[in-house]
Amino acid sequence: LPPAAEQTPFRLSVSVLQVTHYKQYPPNTSKVYSYFECREKKTDPSKTRKVKYQQTVFYGLQYILHKYLKGKVVTSEKIQEAKDVYQEHFQDDVFNEKGWKYILEKYDGHLPIEVKAVPEGSVIPRGNVLFTVESTDPECYWLTNWVETILVQIWYPITVATNSREQKKILAKYLMETSGTLEGLEYKLHDFGYRGVSSQETAGIGASAHLVNFKGTDTVAGIGVIKKYYGTKDPVPGFSVPAAEHSTITAWGKDHEKDAFEHIIKQFPSVPVSIVSDSYDIYNACEKIWGEDLRTLVEKRSADAPLVVRPDSGNPLDTVLKVLEILGKKFPPFENCRGYKLLPPYIRVIQGDGVDINTLQEHSMALCCVTVL
């Protein structure tokens, strides 16, 4: 683990299921040992239920341990707050005040629990133990499952990292089939999910989980999570490029779409620049503006600083194929070693909408029959 993070906002709060459990264990209980696994729920045999993935990527535990459970997390103020809340919540005195004061006095508020886990980033078949929890003090046997609620929230980064890996496998398959190399694979699926999640913390956790598999992200919160709770050998774990949005195009007015494109592409001459091109008519933008009006400007760019044309509406498969067809006529493609067509290195295409693991599979199969992006 990296150095301890700053004091955390841990509260003695938990799902109400755990609050009264210390009264329910058998007399003289001294140890509770629990484990976490990703498993398939047993259902009615007459109902078919497919397991989506047979392997999971284990990720996110270290974040939870550092942010919520490490260091002095029990204080007199928190004990009193929990006592008052649970008194009103249950209308009864059920809170384990004695147990929490014991932890405060004997361990100075540090939690006497031990968590053992497989290395983060490991790919583990379903049904295997991913981490275990137990108390190191017989007097605190009840603490093991008290922390269950916060620890099982690891389901979210595990789900994101696993889904991201499965998409990477699809991309790797078709990239190898169409080009014979996996070069650039880590940039083939970009995270634009910042605005699609429920909170700032969710954005950070989910984006950091995606970065287990890829290096492209616009969700800066994920970079912060990794740098603070995991560390990275690089200055940052994820990268992006300057990119336009519809407002930076439509602000110029419909009659000045070409001026908007020209202005933006000139602002970033030495790095890749992504320009959304469907504010009015994606096909006209590709054929007339990029393919004719600004063609010379595009052709002057390099493989290290390509123009990235971004369609962002319509059916992704239909739109991308037509965009590639138009651009291929304006910027003559060449064939690679596998016989697939590639656009010149100074121009690329990125699809910015309607992408998930299902459409990715369908579109990859279709696109590899035509061209390589």
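I number residues from 1 along each chain as its sequence is written, and side-chain values use heavy atoms, with hydrogens and water left out. Because the model is predicted, local features need pLDDT of at least 70 and side-chain atom pairs count only at pLDDT 80 or more, while totals for chains, interfaces and linings use all residues.

**Sheet.** I took helices (H or I, at least four residues) and strands (E, at least two) as DSSP runs, numbered from the N terminus. Two strands pair if DSSP finds at least two bridges between them. I found three strands in an open sheet, ordered β1-β5-β3, with antiparallel pairing. β1 (33–37) and β3 (113–117) are the edges; each has a single partner strand, so one side of each lacks a neighbour in the sheet. The twist averages 15 degrees from one strand to the next. I then looked at β1 against β5 (residues 129–135): five bridges, antiparallel. Tyrosine 33 has glutamate 134 of β5 as its bridge partner.

**Cores.** Buried means under 20% relative accessible area, exposed over 50%, and partly exposed in between (1.4 Å probe, protein chains only). A nonpolar core is a set of buried Ala, Val, Leu, Ile, Met, Phe, Trp, Tyr and Cys residues joined through side-chain atoms within 4.5 Å. Which residues have the most contacts inside the largest core? I get Trp100, Trp142, Leu143 and Leu151, in a core of 41 residues. Elements that each supply at least two residues include α3 (76–90), α4 (97–107), β5 and α9 (220–229). α2 gives the largest share, six residues. For leucine 143 I listed contacts (heavy atoms within 4.5 Å). Not counting residues up to four places away in sequence, leucine 143 touches Trp100, Ile103, Leu111, Pro112 and Ile113. A second, separate core has 28 residues, among them Ile249, Ile265, Leu294 and Val323.

An unreviewed UniProt entry places "domain: Nicotinate/nicotinamide phosphoribosyltransferase" at residues 187–362. UniProt positions are given in the numbering used here, feature names are shortened, and annotations may be inferred rather than shown by experiment. Over residues 187–362 I read 43% helix and 9% strand, with the end C-alpha atoms 20 Å apart. In α9, the buried residues include Ala221, Ile223, Val225 and Tyr229. Their cover includes α2 and α8 (200–210). Glycine 231 follows α9 and has a positive phi, near 80 degrees.

**Aromatic pairs.** Rings of Phe, Tyr and Trp (its six-membered ring) pair if their centres lie within 6.5 Å; planes under 30 degrees apart are stacked, over 60 edge-to-face, the rest tilted. I count 14 aromatic pairs by this rule. Why is the pair of tyrosine 86 and phenylalanine 90 tilted? Their ring centres are 6.1 Å apart and the planes stand at 45 degrees, so the pair falls in that class. Both residues lie in helix α3, four residues apart, about one turn of the helix. Tyrosine 86 is buried at 5% relative accessible area, whereas phenylalanine 90 is partly exposed at 29%.

Next I checked phenylalanine 261 and tryptophan 290. That pair is stacked, 4.6 Å centre to centre with 5 degrees between the planes. Phenylalanine 261 is in α11 (residues 257–267) and tryptophan 290 in α12 (residues 282–293), so the pair ties together parts 29 residues apart in sequence. Both phenylalanine 261 and tryptophan 290 are buried. Last, I noted a cluster of Phe36, Phe58 and Phe131, linked by ring pairs.

Technical notes:
Axes are lines fitted to C-alpha atoms, for helices over the stretch in contact, and angles run from 0 to 180 degrees between N-to-C directions.
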